[in-house]
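Here are a few notes from going through the model you sent over. Have it open next to you as you read.

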Amino acid sequence: MTRQNKTLSLLVSMPNVIVTSHQAFLTHEALANIAETTLKNLDDYFAGAPLENEICYRCLGTGGAAKSNCPRRANGRCH
């Protein structure tokens, strides 16, 4: 399934626009940080600990801020 992005499609169709990829995530430091965060997330999940990096779209308020009173949150986790 291909997702269409109208703004990107419009930009790419213009003769004076060049779109390049972002490759900063390919640095050794960035990949080490990604691996460390992933392993910590797994440890926290299986330990039943609050998930520091969890994003729950049901818990998001306006502007993307987490709602502290979301009824689906219990002990720092969304259920």
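1. Buried here means under 20% relative accessible area, with exposed over 50% and partly exposed in between. The exposed surface comes to about 7,100 Å², and 58% of it is supplied by carbon and sulfur atoms.

2. Bear in mind that this is a predicted model. Mean pLDDT for the protein is 78, with 67% of its residues at 70 or more. Among the elements, helix H2 (residues 28-47) has the highest mean, 93, while strand S1 (residues 73-74) has the lowest, 64.

3. On the fold: there are 2 helices and 2 strands, and from the N terminus they run α-α-β-β. If you look at contacts between residues at least 6 apart in sequence, 24% of them join residues at least 24 apart.

4. Which residues make up the nonpolar patch on the surface? They are Phe 25, Leu 26, Leu 31 and Ile 34, and together they have about 370 Å² of accessible area. Leu 26 sits in the loop between helix H1 (6-13) and H2.

5. For the aromatics, the count is 1 pair. The ring centres of Tyr 45 and Phe 46 are 5.1 Å apart with the planes at 85°, so the pair is edge-to-face; the cut-off for that label is over 60 degrees. As for cover, Tyr 45 is partly exposed because its relative accessibility is 46%, whereas Phe 46, at 67%, counts as exposed.

Conventions. Residues numbered from 1 in each chain as written. Predicted model: local features only at pLDDT ≥ 70, side-chain atom pairs only at ≥ 80, totals over all residues. Heavy atoms only, no water. Phe/Tyr/Trp six-rings, centres within 6.5 Å; stacked < 30°, edge-to-face > 60°. Buried < 20%, exposed > 50% of the residue type's maximum accessible area, 1.4 Å probe, protein only. pLDDT = per-residue confidence, 0-100. Helix = DSSP H or I, 4+ residues; strand = E, 2+ residues; numbered from the N terminus. Patch = residues over 30% accessible without salt bridge, like charges linked within 9 Å, V, L, I, M, F, W, Y side chains within 5 Å. Areas by Shrake-Rupley, 256 points an atom, 1.4 Å probe, with all protein chains shown as cover. Salt bridge = Lys/Arg side-chain N within 4 Å of Asp/Glu carboxyl O. Contact = heavy atoms within 4.5 Å.
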